[in-house]
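Open the model in your viewer and keep the selection tool at hand. This tour goes stop by stop, and each stop says what to select.

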Amino acid sequence: MADSTLENLLREERVFPPPPEFAAQANAQPGIYEEAEDWRAWWMRQALERITWYEEPTVVVDESNPPFYKWFVDGKLNVSYNCLDRHLETIGDKVAFHWVGEPGDRRTLTYRELHEHVGRFANALKGLGVRRGDRVAIYMGMIPELPIAMLACARIGAVHSVVFGGFSSDALADRIIDAQAKVLITQDGSWRRGTKFPLKENADVALERTPTIEHVVVVERVGNDAPMTEGRDVWYHDLVEGQDAECEPEVMGAEDLLYILYTSGTTGKPKGIVHTQGGYLTGVTTTHHYVFDIKPDDVYWCAADIGWVTGHSYIVYGPLANGATGVMYEGAPDHPDKDRLWQIVEELGVTIFYTAPTAIRAFMKWGDEYPARHDLSSLRLLGTVGEPINPEAWMWYHTHIGGGRCPIVDTWWQTETGAIMITPLPGVVDLKPGSATLPFPGIGADVVDDEGNSVPLGGGGYLVLTHPWPSMLRTVYGDDQRYLDTYWSRFPGKYFTGDGAKRDPDGYFWLLGRVDDIMLVAGHNISTAEVESALVAHPAVAEAAVVGRSDPITGQAIAAFVTLRAGIVGDEALIDELREHVGKTIGPIAKPKSIVFTPDLPKTRSGKIMRRLLKDISEHRQLGDVTTLANAEIVAEIAELAEHAPEEE
Ligand code: AMP
């Protein structure tokens, strides 16, 4: 940002206090923030209370070599033991996962069954020569063998690197090479809207470039006669047959690696984010307990893909360590129809539901009738993650999914943070639609200007975390310098998130998007998120993305790309109306100079809008890298539409 702070443009006045019945039973009670003021002591209490250790830690955090912090460094544990074995006596027959296949098949796995599967596969991996510290790549869809594979690695001390099952061969190869993985676990194919996506064939292309891979384990899921290479490839079902279900868990140090998860950097090579054992498990169990208010009878559904950090932390490790019953769904939310998720909620009696704003905006676009077909009264708590949620999308979620009764936890965090950092505690914090509200107990966050000075309440700037936290990334795999440069150099002593944020007079945090996306219009820093929110607040609009493009007069001008709700036709009158609407909502400076109606927006595979490409289109530049895009074909279409769009003089 050129200026020291961000304009604070959009105002949102609605407040939703916790319903009294919810507050009365909530895991988090008032006073929790005071209890956590001494953050070191608080995290130590959580670590001792929530984790079963072979040797309890005595050191909270070793701060002798910042920012290479070490948490609970003398503690010894096994993460899979914490997720499975310790539950067997008390809740062994409780359902760990209700799994729903896209074609409609079902599997239910109790903790006892999951423990057996993990034990067998862990022994099988050992049989393939996988040892403590070895890296194992996992390239799968949302089937039970995916968490089984992760837990089997954790059990024997191997480090998993899960690569999202929708990624290309190239993306897979790059990640395998960077981590020097020894074994790849994949499946023959995965279901996607009724068709078979050829995972194994894709993997084979990647494997041409990955000399470190010794064996490939293939789960049979779709029956597509996947090619198998003799001596290297082995079917999962053959491998586990006859294996002992008991596999002694490896005793791990708290700071040993648990997993690597790659996140795309702004340039070039993806970053291998490193998470370790004890601090990570402390972070995810504590946040899962308080943020999702998890109770023994809940049916909890985090509808993310395990290929993203959300799935690692809040489908696998947090919920299982907390002994929760989870839901896993394999397929697309609109297959066979646009009410698939709501049908599952009704059938399984889901009580807690967690998804992304991009999904919520898609539900809005599809129309209210799909959730209305189902009885969603089992729901008691909703969550979102991944992007700033526009207040209008929040309101829609609250009304049409939450029946007006469920609190919504808007959780801000990153692959790098491992666990939720900024979030309401349902039952304690008054909600404001569009705000992630307050730092989680034991987390320090601030908004700073270019010089790193705290910006007073009411102002905007860069979001930083002010002290270490247990589930923080430890480094970028194999690249300590990149860890230092990316996260710790911009503001010495503080972790730089890369996000812009503002705080309102109550100290609530409002996320404004990645700072790279923020626009500079006539000397004012304007957040893409705020202008998008204003657009989405118009009843005709389902989704919007805005970017700043060079303008001879104002430096940058705002270019908007808008998808309309079902049945609405975009014309020039609507363009004028939308410009006026933005002008009225946040001020004339934020009026888009051009508005292009488009059937869809370019998104990453985790659903984040790729503004960078819209910027390329707006500036008639050669398009940047589109390989991580979920819907690459839309880019050409938008470029064509933008070519003919009218512009405000
Ligand atoms: P990832 O590393 O893929 O998990 O993406 C992390 C980024 O997603 C953050 O840096 C934010 O830009 C964005 N993000 C995640 N959750 C939220 C949220 N609740 N509100 C606003 N932005 C979010």
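Predicted model: local features only at pLDDT ≥ 70, side-chain atom pairs only at ≥ 80, totals over all residues.

Residues are numbered from 1 along each chain as its sequence is written, and side-chain values use heavy atoms, with hydrogens and water left out.

**Stop 1: the ligand**

Now look for polar contacts (pairs of N or O atoms within 3.5 Å). Pick Arg514: an N or O atom of its side chain is 2.8 Å from an oxygen atom of the ligand. Next pick Lys608, where a polar side-chain atom lies 3.1 Å from a ligand oxygen. Then show the backbone of Gly386. One of its N or O atoms is 3.0 Å from a nitrogen atom of the ligand. On its own the ligand has 500 Å² of accessible area (Shrake-Rupley method, 1.4 Å probe). The protein covers 88% of that area.

**Stop 2: the largest cavity**

A cavity is a set of points, on a 1 Å grid over the protein atoms alone, where a 1.4 Å probe fits but cannot get out; lining residues have an atom within 4 Å of a point. Grid points are joined across faces, edges and corners, and a volume is the space filled by probe spheres set on the points. By this rule there are six cavities of 30 Å³ or more.

Select Leu10, Gly434, Trp510, Leu511 and Ser533. Of the 14 residues that line the largest cavity, these lie nearest its centre. Its volume is about 120 Å³. Strand E24 (509-514) and helix H18 (528-536) each give two or more residues to this lining. Helices (H or I, at least four residues) and strands (E, at least two) are DSSP runs, numbered from the N terminus. The lining has nine nonpolar, two polar and three charged residues.

**Stop 3: the second largest cavity**

Keep H18 selected. Three residues from H18 make the largest share of the lining of the second largest cavity. Strand E27 (541-551) also gives two or more. The volume is about 70 Å³. Here the lining divides into four nonpolar, two polar and five charged residues.

**Stop 4: the backbone**

Most residues other than glycine have a negative phi, and most peptide bonds are trans.

Select Pro66 and Pro67, which are joined by a cis peptide bond with omega of about 0 degrees. Pro67 sits in the loop between strands E1 (61-62) and E2 (70-71). Move to His335 and Pro336 for another cis bond, also with omega about 0 degrees. Pro336 is in the loop between strand E17 (325-329) and helix H13 (340-348).

Now try Gln180, with a positive phi near 50 degrees. Its loop runs between helix H8 (169-179) and strand E8 (183-187). End at Ala522, where phi is positive at about 45 degrees. Ala522 lies in the loop between strands E25 (519-521) and E26 (524-526).

Note on methods:
1 Å grid on protein atoms, 1.4 Å probe; cavity = no way out; pocket = protein on both sides within 12 Å on 5 of 7 lines; lining within 4 Å. Nonpolar A, V, L, I, M, F, W, Y, C, P; charged D, E, K, R; others polar. Polar contact = N/O pair within 3.5 Å; in protein donor to acceptor, adjacent residues only side chain to side chain.
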